[in-house]
Amino acid sequence: MSANDNELPGFSFAADLQLERDRFAKELDSLVDSTLEYDGAHDAIRDQFAELQAARGELDLLAEHAQATNDTVLAQEVLAAFDAFDVRMAALLPKIIALSDREEGIERDGITLSKRAQRISLTAQHSEAINTQATRFDQEREYLADFTARAIKASGVVPAATGVVSPPAVTGDPLSAVIEAYCDNQNAEGCWTAKTDAENRAILAQWLNIVGDQPITGYGYEQHRAYKLTIQRLPPNINKSPRYRGKSIDEIIALGDKPAAPNTVNKNLTRISALFRWAVEYGYTALNPAGGMTIKNPKRASEERQAFSDGDLTKLFHRKDYCRERIKQPYKYWAALIALFTGARQNEIAQLHLADFCESDGIPLISINDQGEGKRLKTKAGKRSIPIHAELVRLGLLRYVDELRTANETRLFPELKLKRDGYGQTISRWFQSYRRKCGISEDGKVFHSFRHTVIDRLKQADVPKEKIAALVGHEDDSVTFGRYGKDFSPAIMREVVATLDFAHITGHVAPYCRD
């Protein structure tokens, strides 16, 4: 008798069903994104069309007045206005047609997905029936094997060793070997920075410690569900805190410490899923049991990192550090101010070179780029130019840059050294201590909160989201602006930057004076 589970009916059925569900989920997300994009375009075109209708009504009234009063000058002006109206309407018409086609496409995709959802539901029922059949098959096989063994024993016949078929051992590369191959590949292809490599290796090492080193082909959904339940009970930083040193996973859980945040748990789960996606692509296994297995975050994305209030900013910039004392380390003066008036990321500011300060059309700019030793961008959209706010000019930023050039320096903050996490690591540690000295101890208020503050202030000032995205280096997902649109001109972006009004906060801050 064969004990090979591969011969059970529907052996790969569950895996195929899960892959189908994963594909359905991705296509559903795509449909939702398309619908939201359509809604935004629809609102814009509807507003334009309403404006043209109103203009046409006014022109009709003017035409009637010109005819009634026999005003030939007005009649000529009205005719010219009608021509301009026709041009605008002709330009809008293709957009309306395209929008109609897009609506039909979305409707077709929705119908297709609805039918696929029905098929998945029927397939799930079929899968359940297959599993029932497989269980019954297993039970019958075990009964027959037991009956055969008892019959052989009763007859006194000992079968030859060559006649015994043992259950085949699970084969495949061990998880530890796949992890090493995966990490080596990602580094060789330049996909990871040193920080990403260290972070991923730590997550994968912890996973291996929990699930044990086993053949990758034997790791399935049940084991991954057990791993997921385990890390939901583990506290954060178990590899760093002395409290957990030398303790097993069960001992750490038994301490009853507060578990890691949902974002941390999901980060671990998605990194495991990324490993398996790679393993499937490279032929180590046929199954990704970690795909889509994340937990719901009870917090909204906007609540995880908080913007600074005016009260917070007053505490930060009204200390003597900014009012009276000379600053020995320039980054302690400039980093927070630049972040407040640009929305730039911490490392983008820390890695600035003097060559990144330039001018276009008479407008002073800060160029955010990855040109230079140790410089990197989070995304391709991060490459951009930011007009320098008038308040930064008043505080002496350009004068400070000129002084450094005269001293033959190359970087804005020569005192910052390149570390594993980039040049910004020193700023991060300083600001964490500084904000607490200022009485700001909330976990969600960190240096990155300056970026949230800028985005929120611009949003409340009704600045279009495309311009906000251009300023802070976010990807514009729309086809019109993201793929075909050119960068906004420095003059337009200068108006966006000027919208950031913190004069009531920084107006009394003394201009920079180097000790």
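Mentor: A residue is called buried under 20% relative accessible area, exposed over 50%, and partly exposed in between (1.4 Å probe, protein chains only). This is a predicted model, in which local features need pLDDT of at least 70 and side-chain atom pairs count only at pLDDT 80 or more, while totals for chains, interfaces and linings use all residues. Residues are numbered from 1 along each chain as its sequence is written, and side-chain values use heavy atoms, with hydrogens and water left out.

Trainee: What percentage of the residues of the protein chain count as buried?

Mentor: Of its 515 residues, 34% count as buried. Accessible areas come from the Shrake-Rupley method with a 1.4 Å probe, and for residues only the protein chains shown count as cover. The protein chain exposes about 30300 Å², of which carbon and sulfur atoms supply 52%.

Trainee: How many helices and strands does the protein chain have?

Mentor: Helices (H or I, at least four residues) and strands (E, at least two) are DSSP runs, numbered from the N terminus. In the protein chain there are 20 helices and three strands. A contact means heavy atoms within 4.5 Å. Among contacts between residues at least 6 apart in sequence, 72% join residues at least 24 apart.

Trainee: In what order do the three strands of the open sheet stand?

Mentor: Strands of a sheet pair through backbone hydrogen bonds, either parallel or antiparallel. Two strands are taken to pair if DSSP finds at least two bridges between them. Here the order is β1-β2-β3, and the pairing is antiparallel. β1 (357-360) and β3 (384-387) are the edge strands, each pairing on one side only. From one strand to the next, the twist averages 45°.

Trainee: Which helix packs on the sheet?

Mentor: Helix α19 (residues 490-498) packs there and touches β1, β2 and β3. For angles, axes are lines fitted to C-alpha atoms, for helices over the stretch in contact, and values run from 0 to 180 degrees between N-to-C directions. The direction of α19 makes about 55° with that of β3.

Trainee: How many bridges join β1 to strand β2?

Mentor: Four bridges join β1 to β2 (residues 363-368), and the two strands run antiparallel. Glu359 stands opposite Pro364 in β2, and Ser360 has Ile363 as its bridge partner. β1 and β2 form a hairpin with two residues between them, and Asp361 in the turn has a positive phi of about 55°. On the pairing of β2 with β3, there are again four bridges in the antiparallel sense; Ser367 is partnered there by Ser385 in β3.

Trainee: Is β2 mostly covered or mostly uncovered?

Mentor: β2 is mostly covered, with five of its six residues buried.

Trainee: How many salt bridges does a search of the whole structure find?

Mentor: A salt bridge is a side-chain nitrogen of Lys or Arg within 4 Å of a carboxyl oxygen of Asp or Glu. The search finds 15 of them. One joins the side chains of Arg243 and Asp257 (2.6 Å, N to O). Arg243 lies in the loop between α5 (221-231) and α6 (249-254), and Asp257 in the loop between α6 and α7 (262-281), 14 residues apart. Arg243 is partly exposed because its relative accessible area is 42%.

Trainee: With which residue does Arg457 form a salt bridge?

Mentor: Its partner is Asp310, the closest N and O atoms being 2.8 Å apart. This pair links helix α16 (residues 449-460), which holds Arg457, to helix α9 (residues 310-317), which holds Asp310, 147 residues apart. Arg457 has a relative accessible area of 25% and is therefore partly exposed. Asp310, at 31%, is partly exposed.

Trainee: Why does the pair of Asp312 and Lys445 tie together parts that are 133 residues apart in sequence?

Mentor: The side chains of Asp312 and Lys445 meet in a salt bridge (2.6 Å, N to O). Asp312 lies in helix α9 and Lys445 in the loop between α15 (425-437) and α16, so the pair ties together parts 133 residues apart in sequence. Both Asp312 and Lys445 are buried.

Trainee: Which residues form a nonpolar patch on the surface?

Mentor: Patches are made of residues with over 30% relative accessible area and no salt bridge: like charges are joined within 9 Å, nonpolar side chains (Val, Leu, Ile, Met, Phe, Trp, Tyr) within 5 Å. Here the patch consists of Phe49, Leu93, Ile96 and Ile97, with about 320 Å² of accessible area together. Helix α2 (residues 72-155) gives the largest share, three residues, while Phe49 lies in helix α1 (residues 13-69). Phe49 counts as partly exposed because its relative accessibility is 31%.
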